[in-house]
Amino acid sequence: MVVNDGGEDIKDIIDEFSDSRIKYICSEHKGKSHALNVGINFSSGEFIGYLDDDDILYPIHLEVLVKAAIDQGCDFIYDDWYEVCIDEFGREIKRYFEFRNDVSPSMLILKNYINHKCILHRRCLLKKVGLYDEDLDILIDWDMIRRLSFASQPCHIWSVTSEHIQYYTGDVIENRISSLRTKDPDKFKKALERIIKKTCELHANEMELNESISEAMLSFSYYHQFRIGQILHEHEISLNKEKSELISQLQSLNKEKSELISQLRLARYRAQVLDIEIAEIKRSISWKITNKFHNRFIERALPRESKRRRWYDLGLKAMRILANDGFSTLLQEYRSRNAYYCSIAHKESENPENTFRETVMDDFLIQLHSFHRNWGIALEVKRNYEKNVDIVICIHNALDDVKSCLMSVIKYSPHIYTLILVDDGSDEATKSFLQDFALHHDVFLLRNDVARGYTFAANQGLRNSTGKYVILLNSDTIVSADWLDRMLECAESDERIGIVGPLSNTASWQSVPKIESCGDWASNDLPENISIHMMADLIGKYSCRCYPKIPFLNGFCLLIKKELINQIGYFDEDSFGAGYGEENDYCIRARKAQWHLAVSDDVYIYHEQSRSYSDDRRKKLCDRASKILIDKHGIQEVSKGVSECKGNRAMAGIRARADVLWHRHGLLEEGKKLFKGKSLLIILPIMEPTGGAYVIIQEAYALIEMGVRVSLFNLTEHGVKFQQSFPDLRIPVIYGSINEVPLIAADFDAVIATINNSVYWIASLNSSDITLAYYIQDFEPDFYPKGSREYNLAWESYMKIPRIKNVTKTSWNKNKVMSNMGIDCQIIGPSVDIDLFRPRERLHKSNDIFIGAMIRPSTPRRNPRFTLEILEEIKKLYGDKINIITFGCSNDDFLSLNPCRDIPINHMGVLKREWMPHLFNEIDIFVDFSTYQAMGLTALEAMACGSAVIVPRNGGCQDFVKDGINGFLIDTTDRRSCTDALEKLINDEKLRKKMCSQSIIDVCRFPAELAALNMLKAIFI
């Protein structure tokens, strides 16, 4: 009898057997007991056995049991089974006997020792004991086996004929009674109580029953296990957490130790090699001659800082340019320097008080520096143990929500608060619970016998508050770890912040990831695999803690400074006594008193939405409150606030990033599942910071989060400069010589070359088991004059290692390599650090349009002179309506492009990476008039900060710029196309803002985690 308990139809599977002995019965879903009874009622055999869908019976199972039952004349018989443990990947972990012995009825009084599939009994026994108890959801098997054993002494056959499968997820068993105790203790307890109460109904006389119960009480029962489990559960969780932390720390220390030992071993080896090389150099004749010449002639005849020494150094530089780049480049450099020095002399003669630097820096840049001087916020949560905080929770019925809220506050709040509960006329059940809760916790409980409304209840709590801070928290919320400390840190980041609110699933302007849905506020239900506390952890992990300031905060959770309350008073009971609108009124009053309202963007508090009011009642209250608010403050004040909330760039960036949180989390989890334990060595032989290097480093961080061991390799001579360029690098770096690369690579599963010459360094590993890869970020032969040695090396690098796996960022780069070399590449996709590059509060509040561009004369394909000419043309046309900001080269190089210019352009020089997001944050339009861009990282970073971009159609920008939607793709060889696109964005404000908003959303499709996972798949699969 195959009974389908309301599940997916499996008739096709049954039909495949073509066996008339199999009867397939479909039943509506009423639980296991009902399904078993249906099968029994359809059966007709003398003996009945059982099989669950997570069990396996051996072919001899029925033969062994039926033969033994007939031979021994038994009505109830059972044999033995294996417990088989299967992990989440379907692999067997172990098998064992859980219990293998003779069982008496008394042993079964308080605990089951016989597996359900192992039993066989005669049909006639059911007339004595009855069918399965359909009021039980769990422990069904034990209940029946107890009854059968007292009706007929169980007979044990010492033979293994079946298996019971235990499915593990991590260390947790998903299909055992022990897991039910923790998952649903109430259901487990009710089932226990029902079965124990039925003991007196067992098929035995009073004396037998008393003896069995006495014997059973001496054994270790389900009840004992349940009670002990309840007592030890919290201790077990705590100990496991401490154990995990200690193991993690130990693993981290062991990893660090092994890396240091490896580096020390390599350092000693390098030192020996260098000593030998130095000794050989010093013994050479050329060294002795050169050293004597330098010491006796150069240092004496040409002392440092002297004019003669400067000419000597200039001559050496000229010789290097002539040898490397040819006479035309040397001539161009001479003309640029000559024009540059002529311009300086001209400007100094016109106004000797002005320095050169002041010609490219203005007040705006100085203000920007001051505005963002403290932008970096520590990732660690600051523990505000010295603070005095009151938490006020107003309650009106909805007991289940109240319980969840209070338990979360108790569990996740540091002991720096006083809890004030205001019971606003709740029903008897809620009243009784709150009184009991107040007795067992340090709580100040206020009670209104008749409900007065939220506004009155909130003011009651506020008036009884004495702390420096007071938090108004709705009773239908659930808080998570660190919520209080983080909100306090936001409040203390600016002395004029008077009110702080968190992010939430449904909290009007603070909702993430959406604020609207179908014409109403969005509810933002969490995905099935993301819990409330996991969402809160992800919000905290990826937050930049920029604390956006907005005109209105939702009243579901407000942290208010006592100083503000003392200044503006309490909620307006006269106007908003019925509830709704009181927090908006309070926000307007606070702003009029020169206080700021900030969102703590690293805090997520779940909001269930109040059940104290019906939807109709809530709508009527909202409509009434809106009218009163407009009457009190004026339509202009209210509309302006709403408009600012809706258009807040920082909040738009937060919502866009929240929308991909679980996607990024899923990418990391997939990476861990597939590649945890793998190791990568990335060859990165650079000194100066470059865009390509930052991309690689950001993706390496994602690889590490996936459980991959990542190290960088760099040349020893690059070490000092590299560490200065990347002072905060969190990836192990191994320094060595080119010859040492094979030795170092032996400790890794894969080695990745990132520049053409590094391919040659790993070529000797072609015959090894190590996976080799080439991370192609551009078509590098184009960097050098055609036919030069460097060009040929770059060209041949693509074919140097036949089995190497090529990966690249964009389809353009893939096609470029394929069309030139006939070699295929795996595309891993563009990526950008969306946590660093994101919209923030802007310094400039004017309607002026800020246009940005990178000017880098050292990279000819960026068209530096052409770009500057177009910007100057646009500045002449639009004057003070636009501000132009450039960066990317020294002031000397910038002026050498156009030394006699008289157009005001703010040039910021070479910027550190941490400055870039703040510059882009001020820019409305970013232009890149390069001849091509292999990917276009700078434009992607500008988009992430909310800029509309104009980029070359030729290149990889097509992979992330949608022409006319989030930017313009243009022909940068056509001057008219460049100026037309720029003028269109200047003149069309609606289009420009639409593109900026769309950029913020679209860029979040390119997190580093996605490219990192694609890279691992390309390399290892």
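Which unit do E25, helix H30 and E26 make? Before I answer, a word on the basis of this presentation. This is a predicted model, in which local features need pLDDT of at least 70 and side-chain atom pairs count only at pLDDT 80 or more, while totals for chains, interfaces and linings use all residues. Residues are numbered from 1 along each chain as its sequence is written, and side-chain values use heavy atoms, with hydrogens and water left out.

The chain contains 38 helices and 33 strands; these are DSSP runs numbered from the N terminus, helices being H or I with at least four residues and strands E with at least two.

To the opening question: E25, helix H30 (residues 789-797) and E26 form a right-handed β-α-β unit. Right-handed means that, with the strands pointing away from the viewer, the path from the first strand over the helix to the second runs clockwise. Strands E25 (residues 771-776) and E26 (residues 805-808) run parallel and are joined by four bridges; pairing requires that DSSP finds at least two bridges between two strands. Ala773 has Lys805 in E26 as its bridge partner.

A further right-handed β-α-β unit consists of E26, helix H31 (residues 811-821) and E27. Here E26 pairs with E27 (residues 826-827) in the parallel sense over two bridges, and Val807 has Gln826 in E27 as its bridge partner.

I turn to the cysteines. With a disulfide defined as a pair of cysteine sulfur atoms within 2.5 Å, the count is zero. The closest cysteine sulfur to that of Cys546 belongs to Cys544 and lies 3.4 Å away, which is too far for a bond.
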